[in-house]
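Trainee: Please put the structure up, and let us go through it one question at a time.

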Amino acid sequence: SSSSSSSSNSNRNHKVNTNVNVAQAIQLLREATDTTTTTSTSTSTSEIQYHQLKDKSQPILYFDDINLYEDDMHDNGYVSLRCKIRVMPTCFFLLLTLFVRVDHVLIRVREVRFFCSFGDGNNDNNDKNNNKKKKMEEIKICKDVCWRECKWDTLNEYNLPHNVKLWRIEEDEFNDININNNINININNNINNNNNAPRQQQSVQQRIHGMIQHLPQVDLPISIPMYSTSTFTF
């Protein structure tokens with residue numbers, strides 16, 4: 001009981017601090033938008049620097065996999081909106097994925113990737129001040145959009161299974177949430193394992209992610225470019 005009371009007290013303190021931080025963040029955003037200009041342009045190819053994400057000499061400072069929304073569609077399928085974010089000394093990367101499975105009807109996936117580079121991490125000491133000033137004056141965020149979709153009766157054309165059970169991830173996600181609620185997450189686990197999911201859950205996610213990559217891409221609306229960049233000037 002004493003531990004639960006202390007836990008509740010810490011939670012209350014945490015909420016108060018969070019509210020203060022949110023209020024401060026909102027104020028800073030309001031001040032920033034008064035002097036910020038944004039320029040968005042579409043590009044012919046992706047400008048995401050994947051070599052920076054693959055650079056094993058740079059540590060992963062922060063990683064999280066957040067399930068923003070999910071629903072079982074009255075036992076007719078499954079829909080989820082997930083956000084994965086990774087922060088490294090040289091960049092940050094965010095993947096937003098909408099996954100829709102209507103059993104025996106279709107599989108639909110909408111992915112948006114955001115990337116921002118802070119530099120190559122090998123700047124000379126003499127250039128550090130200039131680089132910091134430049135970073136404060138201009139920030140460029142790259143965005144890639146990919147839509148995939150396939151009707152159930154054409155899955156075999158892409159060597160994908162018809163068995164609904166092989167596309168089901170929701171039960172494992174529920175179990176994973178219950179497990180994670182009882183685990184103390186630390187940065188070392190995030191760096192070494194990318195998340196706290198058990199190996200079985202890892203393999204399920206990896207298997208379904210692999211199948212998703214075989215789904216055919218569909219054309220985007222004219223108003224949505226496949227590749228684009230947004231530059232924020234302060």
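Predicted model: local features only at pLDDT ≥ 70, side-chain atom pairs only at ≥ 80, totals over all residues.

Trainee: Does Asp103 count as buried or exposed, and why?

Mentor: The classes rest on relative accessible area with a 1.4 Å probe and protein chains only, where buried means under 20%, exposed over 50%, and partly exposed in between. Since Asp103 has 16% relative accessibility, Asp103 counts as buried.

Trainee: With which side chain does the side chain of Asp103 meet in a salt bridge?

Mentor: A salt bridge is taken here as a side-chain nitrogen of Lys or Arg within 4 Å of a carboxyl oxygen of Asp or Glu. For Asp103 the N to O distance is 2.6 Å, and both partners in this pair, Arg101 and Asp103, are buried. The side chain that meets Asp103 in this way belongs to Arg101.

Trainee: Which residues does Asp103 touch, not counting residues up to four places away in sequence?

Mentor: Contact means heavy atoms within 4.5 Å. With residues up to four places away in sequence left out, the residues that Asp103 touches are Asp75, Asn76, Gly77, Trp152, Val164 and Arg168.

Trainee: What is the order of the strands in the open sheet?

Mentor: Two strands pair if DSSP finds at least two bridges between them. The open sheet has seven strands with antiparallel pairing, and its edge strands, each pairing on one side only, are strand 1 (37–42) and strand 2 (62–71). The order is 1-7-6-5-4-3-2.

Trainee: Over how many bridges do strand 6 and strand 7 pair?

Mentor: Strand 6 covers residues 138–151 and strand 7 covers residues 227–233. Within this pairing Cys142 stands opposite Thr229, and Lys140 stands opposite Thr231. Strand 6 and strand 7 pair in the antiparallel sense, and the number of bridges is seven.

Trainee: Which residue in strand 7 does Thr38 stand opposite?

Mentor: Strand 7 also pairs with strand 1, in the antiparallel sense and over six bridges. The residue in strand 7 that stands opposite Thr38 is Phe232.

Trainee: How many residues apart in sequence are Thr41 and Cys142?

Mentor: Thr41 has its place in strand 1 and, with residues up to four places away in sequence not counted, touches Ser228 and Thr229. From C-alpha to C-alpha, Thr41 and Cys142 are 9.8 Å apart in space, whereas in sequence their separation is 101 residues.

Trainee: With which residue does Glu47 form a salt bridge?

Mentor: The structure holds six salt bridges, and in the one formed by Glu47 the closest N and O atoms are 3.0 Å apart. Glu47 lies in the loop between strand 1 and helix 2 (50–53) and its partner in strand 6, so the pair ties together parts that are 93 residues apart in sequence. Glu47 counts as partly exposed at 28% relative accessibility, and its salt-bridge partner is Lys140.

Trainee: Which residues are linked with Arg108 in a network of salt bridges?

Mentor: Arg108 forms a salt bridge with Glu149, and the closest N and O atoms are 2.9 Å apart. Because Arg108 lies in strand 5 and Glu149 in strand 6, the pair ties together parts that are 41 residues apart in sequence. The residues linked with Arg108 in the network are Arg110 and Glu149.

Trainee: Which residue forms an aromatic pair with Phe92?

Mentor: Rings of Phe, Tyr and Trp (its six-membered ring) pair if their centres lie within 6.5 Å, and planes under 30 degrees apart count as stacked, over 60 as edge-to-face and the rest as tilted. The count comes to one aromatic pair, which is tilted, with 6.3 Å centre to centre and 45 degrees between the planes. The partner of Phe92 is Phe118.

Terms used:
Residues numbered from 1 in each chain as written. Heavy atoms only, no water. Helix = DSSP H or I, 4+ residues; strand = E, 2+ residues; numbered from the N terminus.
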